[in-house]
Each structure stands twice: as C-alpha cells, then as structure tokens.
Amino acid sequence: MGGGHDWDLLVVGGGPAGISAARAASEAGLNVVLIDERPSLGGQIYKQPGPGFTVPDPAAMDRQFRYGRSLIESLHGTRVEVRLRTSVVAVEDQQVVLVTEGSPAQTVTATRMVLAPGAHDRPVPFPGWTLPGVVTAGGLQTLAKTQRVLPGERMLFAGSGPVALAFPAQLAHYGAHIVAALEAGPAPNTADLFRIARAARGNAALLRDAARYRSLLLRHRVPVRYGRIVVRIEGDGRVERAVHAAVDSDWQVIPGTEQSVEVDVVCVGYGFIPSVELLRLVGCDFGYDEDLGGYVVHRDEWQRTTVGGVYAAGDGAGVEGSFVAMDEGRIAGLAAALDAGAISVSDASVAAAPARRRLARRRALSSATSRLYRVGPGIFELSTEDTVVCRCEGVRQRDLDAAIESTDDINVAKAYTRAGMGPCQGKNCQRQVAALIARRHGHTIADIPLATPRMPVRPVPIGALADHSIVGPTLFLAGEHERGQQ
Amino acid sequence: VSGASRPQRWVPAQSTRGTLPSSTDVLVIGGGIAGTATAYYLAKAGVEVTLVERGELNREASGTNAGSFHLQLAIHQLSGQGTEGDRERLFAEARLSLKAFEIWQKLGEELDGPLDVHLTGGWMVAETAEQLRTLHDKHELERLAGIETEVVTGSELRARAPYLAENIIGATYCPLEGHANPLVVAPLYALRAVQAGAVIRTHAGVLSIDVNGSTGARRFTVHTEAGAIDAHRVVDCAGAWSGEVAAMVGLRLPIRSEGLHVNVTEPRPPMFTPMIQHIGRRLTLKQTEQNTFIIGGGWPSPAVPPPRRYPTIWHSAAGNTAVAVSVVPGLADVRVVRTWSGVIVFTNDFSPAVGESAKVSGFHACVASAGFTFSPLFARQLAEHMIAPTAASPFPQRYSLDRSIDQ
C-alpha cells in the first residue's frame with residue numbers, strides 16, 4: 001500500500017466529463033488528480049492517435065479530433081495533475097488503489113471522487129457474433145483513430161442510436177467500403193422531424209453534425225436501411241455473409257424478411273452502455289433506463305451519487321454523449337468544490353447555470369429523438385441456444401437456460417455456468433444473462449440484481465498487486481479467539 | 001454438441017419455491033453441502049425429510065470455499081501435540097480425513113454426476129530451518145497416523161518442483177491431496193435428494209423454533225419466512241449461522257466464523273499440478289481445471305453490515321499474492337481478475353458438532369471445520385444414526401453439541 005498522496009478530488013476518466021470536472025474543481029481551488037487508463041486524454045470519443053503517430057497538420061484531421069485536442073489543451077495552465085496509463089482497481093472509503101502500467105500498485109487518499117468512467121459498446125449476442133471479422137463500432141473507431149487502419153474489403157454496418165450513422169460516415173471518410181448501413185430504429189417521419197426542429201434551439205452543432213454525416217453517406221453512396229437488424233453471420237472460420245431482417249418497433253424480427261449479403265467485415269454498433277464497475281464497487285444505488293444504456297447510477301442535480309463524496313458524470317452515468325458529459329462533468333467538479341467548502345452555493349449555482357441550460361436543451365433533443373433511437377427489447381432475443389453468451393468462458397445460451405431453470409439469481413447462474421467469471425468479469429454478458437433470467441421467470445431486466453461487485457475492477461498482474469511489506473495474519477490456532485484477537 | 005440432451009444438474013426452481021409442507025419427520029436447516037447431503041442420505045433411506053434454506057442453495061461456505069481436500073496436518077493441529085490426549089485426537093482426525101477422502105473418491109459415482117474430483121497431490125513448503133524441522137516432525141506424526149507423506153529437499157525438490165522459488169528449502173509431498181468443484185457438489189446432492197423424495201424450500205429462513213415439550217411428530221414447530229412446519233426431528237446444518245439456530249432451542253454451540261478472502265487469476269498454460277500450502281504462512285495455491293490459479297489460505301475478509309457482509313479487501317489481496325509469488329515466482333505476470341470471500345466455520349477445539357443433543361432431544365447438528373472435506377462423511381454418519389440409532393456406532397464425546405464453549 002503505502003506512500004500515497006492526499007488529494008481533495010480524484011477524477012477517474014480522462015474523457016469530456018472527467019476533463020471538465022477536473023478543470024472546474026481545480027479552478028475552484030481544489031487539489032485535483034485526473035486518472036486515465038489510456039496513454040493520452042480524450043476518452044473514447046476524442047481518442048488521439050496512438051504512440052508513434054504524429055499529427056503534422058491538425059487542421060486536416062476531422063472535427064472530432066480538433067475538438068478533443070482543444071478540450072485536452074484546456075487543462076494546460078491548471079494545477080490538475082494527470083496520471084495516464086493508470087487504472088483505479090479498488091476503492092475502500094477514501095483509499096484508492098492505482099495501478100500504473102509497469103509499476104507496483106499505489107494507494108492514494110482522496111477526500112472526494114468524480115467517477116467519469118465512460119461507456120463501452122453494447123455487446124449484442126446473436127449467431128455468429130464471435131466470428132473473426134465481426135467488430136464493434138468502438139473497436140473499429142479505435143483502430144481508425146489511433147492506428148489509421150481499416151480491416152476488410154466489404155463492410156456491413158449494423159446498429160442504432162444517435163451516433164449509428166456517424167460511424168459509417170466517418171469510416172467512409174477514412175476510405176472504408178461500406179455496402180450498407182442498417183439502422184434498427186425506424187426512419188424519421190414528418191412528426192419526428194417536427195419534434196426535432198422544435199428542439200433544435202441550442203443544438204445547432206449536433207444537428208449540423210447529423211446533417212454532415214448524412215451527406216457523407218450520400219457522397220460515398222452508402223445505402224441506409226431503416227428498421228433492419230443483423231440476425232446472424234455465417235462463414236467458415238470468418239465472416240463470409242451476413243443475414244439481416246426487418247424488425248417491428250420493439251425490434252422483434254419479422255419472419256420472412258431475411259436477406260443475405262456477402263461481406264468480410266460486419267461492424268456492430270447498437271450504442272453504448274455505461275461502465276458501471278467502479279460505481280457498483282463503491283456501493284452506489286442504481287436504476288435501470290434502457291434509453292440511457294441500461295444500469296444507470298442514481299444522482300442528484302449536483303451529480304452526487306448515493307455514496308457520500310462520490311459524484312458521477314458523463315456516459316458512465318447514463319449515455320447521453322460528449323456534450324452532456326462535458327456539462328455534467330463541470331457540474332460535478334463544481335459540486336465537489338461546493339461540498340468541500342471551496343466555493344459558496346451561490347457561486348457554484350451561478351457557475352453551473354450555463355451548463356444546466358445546455359443540458360436542458362440537449363435533453364429536449366434526446367426526448368424528441370427517443371422514438372427513433374430507443375433500443376427495443378428484441379435486442380435480447382437474437383441469441384439462440386447455440387450462441388456463445390459469455391465469450392470469456394465460452395458459455396452458450398443452452399448452458400445458461402439449464403441453470404436458469406433452477407434460479408433467478410444471477411450469482412447462482414454465474415456459479416453454475418461460469419458465465420461472467422472471465423477476464424471481463426461479466427461486462428459483456430451479464431446484461432444478456434439478466435435478460436434470459438427475466439424472460440424465463442417473468443421479471444423485467446431492471447428487477448434482476450447484478451452479480452456481487454468485487455475488486456479488482458481491472459485485472460492486475462500479481463507482480464503489481466503483491467505487497468511484500470504486509471505481515472500476514474497468524475495461522476489459525478486453537479484458542480486464538482480467546483486471546484483477544486479479532 | 002448441438003441438440004444433445006444434457007443430464008439435469010440442478011433442482012428446478014419450480015420445485016424449490018412451492019409452499020412449505022405443514023409437517024415432516026426430519027427438518028434440515030441449511031442448504032449447503034452438509035444440509036443437502038444429510039437430506040440426500042435420509043431421503044435415500046426412505047425418511048421423510050424437508051430442507052429449508054434462507055437464500056439459494058450452496059451460496060455460503062459450501063459454494064465459496066476453494067474446494068481443496070487437505071490431508072496434511074496443519075500447524076494448528078500440530079500446536080497441541082504435547083500431550084498424549086492431543087496425539088490421540090490428531091490420529092483420530094487423520095484417520096477421519098482418510099475416511100472422508102474415501103467417500104469423495106466414490107461420490108461422483110454415488111451421485112451420478114461429475115464432481116471434478118481430482119487427486120493432484122499436494123506440497124507443504126518450508127522457507128526456514130525451523131519450518132523444515134516442523135515438516136519433519138509433521139511427517140513423523142503423519143506416518144504414525146497412516147497418512148502417506150515424504151519430505152523432499154535440495155536438488156530432488158528442484159527437479160520435482162522447478163516452479164518453487166529458490167528460497168523454498170524443503171517441502172512435504174502428499175499424493176492423496178486434491179480438490180473437487182465446490183460449485184457442483186451441493187447442488188447435485190440437492191437434486192438427488194429431491195429425486196429420492198426430499199422436499200427443498202429456498203427463501204425460507206428460520207425465524208424461531210418452538211420446542212413443544214413432548215416427543216413425537218410435533219416435537220418442534222419451526223417458524224420460517226415461508227410459514228411454519230412441525231417436525232419430529234431437526235438437523236442444524238446452518239454452518240456459520242448454526243450457532244444462531246441452536247440458540248433458538250436454548251443450546252450454545254461452540255461455533256465461530258470468519259470471512260476469508262480468495263483471489264483468482266486469468267487462465268495460463270499449465271504450470272503445476274499439485275496444490276501448494278505453506279507450513280508457516282497463510283497460503284493455499286492451485287491451478288484449476290480451467291487453468292486459472294486460485295490463491296487463498298486464510299486471509300481475512302472482515303464482516304460489515306448487510307448487504308455486503310464480507311467485502312474483499314486490498315490488504316488481503318496484496319498480502320496473500322505476495323506470499324504466493326514468493327513461493328512460485330512464475331506467477332508475477334499472471335493477472336488477478338477477481339476476488340471473492342466466503343465465510344468459514346470454526347470450533348475453538350477444532351472438533352465438529354455432529355450428532356443429537358442430550359439436552360434437547362430430537363435436535364441434531366452437522367457442523368464441521370473444513371466442512372467441505374468432512375460434510376459428506378459426517379452427513380452420512382448422522383443419517384445412519386437417525387435411521388437406526390442403535391445400529392450405528394456412537395459419535396465421540398468431543399463432537400457433542402452440549403460441550404462447553406469455554407475453554
């Protein structure tokens with residue numbers, strides 16, 4: 001353990017929310033450290049080119065890149081200490097255990113924490129989803145942004161959500177050949193456009209981006225097909241073709257509508273889900289809201305969670321995109337400063353007011369588009385009994401079905417099948433397991449508590465974890481209890 | 001293989017969630033390995049038996065221990081070797097271990113399902129000259145008790161266990177040690193019990209027990225979260241909570257419990273087969289069927305209020321893995337992916353509480369330290385007693401439910 005620093009505020013996550021929180025709290029006078037796992041700040045959305053890549057002409061890069069760079073640069077001149085390639089692996093009250101790549105674990109003390117862990121691709125199990133050649137939108141975007149690489153020749157994009165069309169547009173821009181983009185949600189109708197127009201105030205940049213992505217798709221002749229979903233992917237050891245079908249408004253597949261297309265890459269992007277591991281580990285209360293990515297931490301108007309001194313912001317607290325993340329992060333940073341007594345309620349409220357106004361406008365737009373982008377329950381019914389649900393442990397749905405006959409407890413299903421015991425610790429399968437349990441036992445997915453959260457939140461090499469200065473407890477001896485030991 | 005029908009391995013939820021019967025001959029309290037095994041052996045002999053469990057089956061010590069069979073004597077067993085009485089107890093325990101182990105070897109056949117029972121052998125290592133002397137003493141006692149072990153040192157140890165660190169100067173090897181899969185044993189006992197006629201009710205925590213002052217069918221009325229049930233006999237198999245259950249009939253069982261911390265890693269290519277323990281430090285280490293490493297050995301997971309109860313702590317993870325990597329340096333780059341905690345039961349004198357109370361007739365218990373190893377044996381012996389009390393040999397006095405809890 002040992003050798004820690006003391007911080008007023010520790011911010012986890014160097015994306016838009018974390019950067020904004022760190023900056024706001026630091027400007028209000030708090031002593032702030034900002035932690036991120038990646039080699040550079042920016043988060044998933046503003047992911048910067050990887051080590052070894054230089055950008056001679058930033059103006060030639062896309063808007064997102066430029067926006068991210070200016071966000072990161074906004075930390076220059078602040079007193080925020082940034083620690084990169086560093087993971088938070090455990091939290092016990094105000095003790096936070098950090099593991100920096102290649103170094104032993106270090107425990108630091110932080111009075112308050114803003115958790116802005118971001119989101120990851122929604123995993124969607126369906127037949128063939130584990131074949132080589134199936135990639136997630138986030139993974140493909142990472143390849144394109146950090147390594148400037150595109151896999152494959154003929155790509156099908158399948159997904160949904162406000163950024164669903166942004167991906168194929170960006171990828172087409174990078175030179176990918178996209179044979180079609182499938183959007184599971186419905187095509188916008190006149191009423192949708194009317195609702196969107198009414199919510200347009202203050203969202204010009206977002207809507208301009210949407211229009212730009214649409215025109216990019218048109219320019220690169222990428223056909224967009226609404227109300228269709230990939231139902232299976234076939235191929236001998238790799239992707240050879242994808243079969244897609246029409247879905248109704250609940251994303252239930254409509255029989256007899258299947259079509260097949262020859263492709264070598266299928267990019268899947270059904271939006272994002274919050275990375276909740278740390279928030280669960282510290283004991284925050286959760287709700288369930290499919291529109292925000294499923295399991296969503298409870299928080300008040302100052303981004304305070306139900307655990308004292310812990311704040312949540314950004315996509316990790318409900319997926320609403322980078323603009324919302326920045327404003328939530330700012331409010332969380334101000335709240336930490338307010339609760340620390342560094343600024344007054346009125347100063348904090350004044351400073352938070354512009355962010356609150358922007359948030360209200362973003363959320364008005366989100367509700368205007370929710371009919372288009374709502375993830376339907378049919379998403380959980382694409383897997384068949386042969387489909388691998390837990391990739392880490394190779395657990396198929398039929399194994400889970402058998403276990404779920406005997407229990408509606410996800411911990412028990414995990415113990416019986418090993419689903420969720422692998423390196424990802426259930427990040428990728430728990431939601432599907434919960435959905436299977438809910439379906440079998442007549443519950444809703446929101447009613448299924450997730451498995452007991454345990455540290456470490458990220459895998460830690462024993463060499464980094466082991467602390468040889470710790471003197472072990474004595475071995476159990478008869479009568480030990482009577483000698484007054486605990 | 002697609003379409004292949006798989007044998008049933010778990011009791012279906014619809015047969016554990018029904019209404020509680022109004023009466024039973026034997027009521028077993030606790031759905032861990034002791035309770036499910038007791039219910040199985042009783043039901044197989046035609047005894048009417050009902051098992052109630054507070055939560056789900058196999059969720060506490062029975063399902064959260066590391067599944068090891070320890071045959072080598074542990075330091076606590078050696079600590080009291082001075083007197084003749086202690087030596088006798090030690091030998092009795094050793095013989096008991098061998099007997100328990102015999103049951104385990106045939107248990108998969110008995111329950112007709114894979115329990116992943118593997119004889120891997122086991123090392124107990126020493127780092128200091130003093131520890132090595134203890135290993136020699138231990139080996140001599142084990143020889144007298146009939147447990148096969150050998151002390152291995154120097155170049156022979158290097159040759160046979162090249163994965164051990166240079167500073168390990170000696171180790172005892174016991175070929176009979178091994179493990180089973182704690183996640184499947186109690187559930188399979190439960191399934192076979194139900195198939196033999198036992199009734200199992202989960203989510204039926206026991207709230208209170210009336211002792212009705214008579215003998216016979218209404219000797220006990222047990223009030224549970226799922227209703228009340230009359231029972232002729234009661235068996236307390238509540239493990240860490242067996243003291244609380246016994247207190248409901250006015251008994252004080254000599255039971256205490258602690259939360260223990262376990263670490264598990266990602267899978268790696270096979271590095272070693274035997275289980276590894278340390279004679280002087282808290283360590284048990286093994287590589288599993290899934291090729292993950294399980295690192296435990298008694299590091300604490302202190303109790304906190306529900307719902308978290310026994311959260312795993314960094315201090316234990318860091319200390320436990322430090323011992324592990326100092327014994328097996330090859331673990332340094334293996335990543336720990338998860339920790340978990342389980343509750344472990346102790347008696348101060350390390351003897352189990354098995355049999356019928358003399359003070360409260362009809363009230364039985366089946367609770368043991370190292371309960372995973374011993375429960376199949378004790379449950380079978382207890383069932384034999386309950387089926388034909390006169391035919392079965394009596395339990396030793398030191399197992400008594402009524403013995404003083406003060407030293």
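## A helix tucked inside chain B

Let's start with helix H7 of chain B, where the buried residues are Val185(B), Ala186(B), Pro187(B), Leu188(B), Tyr189(B), Ala190(B), Leu191(B), Arg192(B) and Ala193(B). Keep in mind as you look around that this is a predicted model. H7(B) covers residues 185–195, and nine of its eleven residues are buried, so the helix is largely enclosed by the rest of the structure. Note that Arg192(B), with its charged side chain, is on that buried list too.

What follows H7(B)? Gly197(B) does, and its phi is positive, near 115 degrees.

## Two helices side by side

Staying in chain B, have a look at helix H1 (residues 33–44) and helix H10 (residues 371–387). Two packed helices are described by the angle between their axes and the distance between the axes. For H1(B) and H10(B), the angle is about 35 degrees and the axes are 8 Å apart. The crossing of H1(B) past H10(B) is right-handed.

Who meets whom here? From H1(B) come Ile33(B), Ala34(B), Ala37(B), Thr38(B), Tyr41(B) and Leu42(B). On the H10(B) side you'll find Gly371(B), Phe372(B), Ser375(B), Pro376(B), Ala379(B), Arg380(B), Ala383(B), Met386(B) and Ile387(B).

## Salt bridges in chain B

Side chains of opposite charge can pair when their charged atoms come close. Over all chains, the count comes to 39 salt bridges. One of them joins Glu142(B) and Lys138(B), at 2.9 Å from N to O. Both residues sit in helix H5 (residues 129–145) of chain B, four residues apart, which is about one turn of the helix.

Another salt bridge links Glu150(B) with Arg160(B), and here the closest N and O atoms are 3.0 Å apart. Glu150(B) belongs to strand S6 (residues 150–153) and Arg160(B) to helix H6 (residues 154–160), so the pair ties together parts that are ten residues apart in sequence. As for accessibility, Glu150(B) is partly exposed at 30%, and Arg160(B) is partly exposed at 32%.

Zoom in on S4(B) and S8(B), the latter made of residues 178–179: the two run antiparallel and are joined by two bridges. One pairing to look for is His118(B), whose bridge partner in S8(B) is His179(B).

## A sheet and a charged network in chain A

Over in chain A, three strands form another open sheet, this one in the order S12-S13-S14, and the pairing is antiparallel. S12 and S14 are the edge strands, each pairing on one side only. From one strand to the next, the twist averages 30 degrees. S13(A) and S14(A) pair over four bridges in the antiparallel sense, and Ala242(A) has Val261(A) as its bridge partner in S14(A).

Now for the charged side chains. Arg232(A) makes a salt bridge with Glu258(A), with 3.3 Å between the closest N and O atoms. Arg232(A) is in strand S12 (residues 228–234), while Glu258(A) is in the loop between strand S13 (241–246) and strand S14 (259–262), so this pair ties together parts that are 26 residues apart in sequence. Arg232(A) is partly exposed at 28% relative accessibility, and Glu258(A) is partly exposed with a relative accessible area of 43%. Both belong to a network of salt bridges that links Arg232(A), Glu234(A), Glu240(A), Arg241(A), Glu258(A) and Glu262(A).

## One alanine in chain A

Last stop: Ala438(A), found in helix H12 (residues 430–441) of chain A. Ala438(A) has a relative accessible area of 6%, so it falls under the 20% cut-off and counts as buried. Which residues does Ala438(A) touch, not counting residues up to four places away in sequence? They are His443(A), Thr444(A), Ile445(A) and Ile448(A).

For a sense of distance, take Ala438(A) and Ser370(A): they are 68 residues apart in sequence, and their C-alpha atoms are 24 Å apart in space.

Terms used
Residues numbered from 1 in each chain as written. Chains lettered and ligands numbered in written order. Predicted model: local features only at pLDDT ≥ 70, side-chain atom pairs only at ≥ 80, totals over all residues. Heavy atoms only, no water. Buried < 20%, exposed > 50% of the residue type's maximum accessible area, 1.4 Å probe, protein only. Contact = heavy atoms within 4.5 Å. Salt bridge = Lys/Arg side-chain N within 4 Å of Asp/Glu carboxyl O. Pairing = 2+ DSSP bridges. Axes fitted to C-alpha atoms, helices over the stretch in contact; angles between N-to-C directions. Left-handed = near helix turned anticlockwise from the far one by under 90°.
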